[in-house]
Amino acid sequence: MTRDQVRHIYISLLLFIVPALHAQGIAPIITEYGHGKVNGSFTVLNGLLEPVSVLIHEYSFSVGPDGKSQLRPLDSGIHIRIDSMSARIGAKQQHEFAYKVKCDTLPCWGTFNAAISGAHVSNGMGLVMIVPHTFYVCQDKQKGCRDRIRRDVFHLEK
């Protein structure tokens, strides 16, 4: 297969995939909590005309000096209770996932990745979109928690 043929295939796939990706999402993307208390939720949205399945995975992450994050298994000092780890979301519907987090040491942070599957493009190819909901927990006030962690722990400027 020539380089031009491969490029044509990629462009064709993108024309089908990109519109489907805009129909799904998560809100809010980032939350900040203060005083070590976390009682939160996030909502996964399905804007498609067909149902989708959602699987939730919990991770910790680090951010390098270049600003890129790297996922790893959830730290043992972060304890999460989530009401469900999966859901089937109907067409044009949404589902809320409620959770509580307790951290052995503060500050702490983590992410829930929602793997949304079930959508297909016209050629039958199945799509899986992964969207994150990230939480930051600080000892003191909620406002600016993410920025303080980025500055003090990850050594990144705003």
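Trainee: How buried is F42, as a relative accessible area?
Mentor: F42 has a relative accessible area of 0%, and because the cut-off for buried is under 20%, F42 counts as buried. Please keep in mind that this is a predicted model, and that the values we discuss are computed from it.

Trainee: OK, and which aromatic pair does F42 form with F112, stacked or tilted?
Mentor: The whole structure holds 9 aromatic pairs. In one of them, F42 and F112 are tilted, with 5.3 Å from centre to centre and 35 degrees between the planes. That pair links distant parts of the chain, since F42 sits in strand β3 and F112 in strand β9 (residues 108-120), 70 residues apart. F112 is also buried, again with a relative accessible area of 0%.

Trainee: What about F61 and F154, how are their planes set?
Mentor: The ring centres of F61 and F154 are 6.1 Å apart and the planes stand at 35 degrees, so this pair counts as tilted too. F61 belongs to strand β4 (residues 52-63), whereas F154 is in the segment after α2 (145-152), so the pair ties together parts that are 93 residues apart in sequence. Both F61 and F154 are buried.

Trainee: Back to F42, which residues are in its ring cluster?
Mentor: Ring pairs link F42 with F97, Y99, F112 and F135 into a cluster.

Trainee: Changing topic, what is the strand order in the open sheet?
Mentor: The open sheet has 4 strands in the order β1-β3-β8-β6, with antiparallel pairing. Its edge strands are β1 (24-27) and β6 (78-82), each of which pairs on one side only. On average, neighbouring strands of this sheet are turned by 25 degrees against each other, with direction ignored.

Trainee: How many bridges join β3 to β8?
Mentor: Strand β3 (residues 38-46) and strand β8 (residues 93-103) run antiparallel and are joined by 9 bridges. As one example, N39 has K100 in β8 as its bridge partner.

Conventions. Residues numbered from 1 in each chain as written. Predicted model: local features only at pLDDT ≥ 70, side-chain atom pairs only at ≥ 80, totals over all residues. Heavy atoms only, no water. Pairing = 2+ DSSP bridges. Helix = DSSP H or I, 4+ residues; strand = E, 2+ residues; numbered from the N terminus. Axes fitted to C-alpha atoms, helices over the stretch in contact; angles between N-to-C directions. Phe/Tyr/Trp six-rings, centres within 6.5 Å; stacked < 30°, edge-to-face > 60°. Buried < 20%, exposed > 50% of the residue type's maximum accessible area, 1.4 Å probe, protein only.
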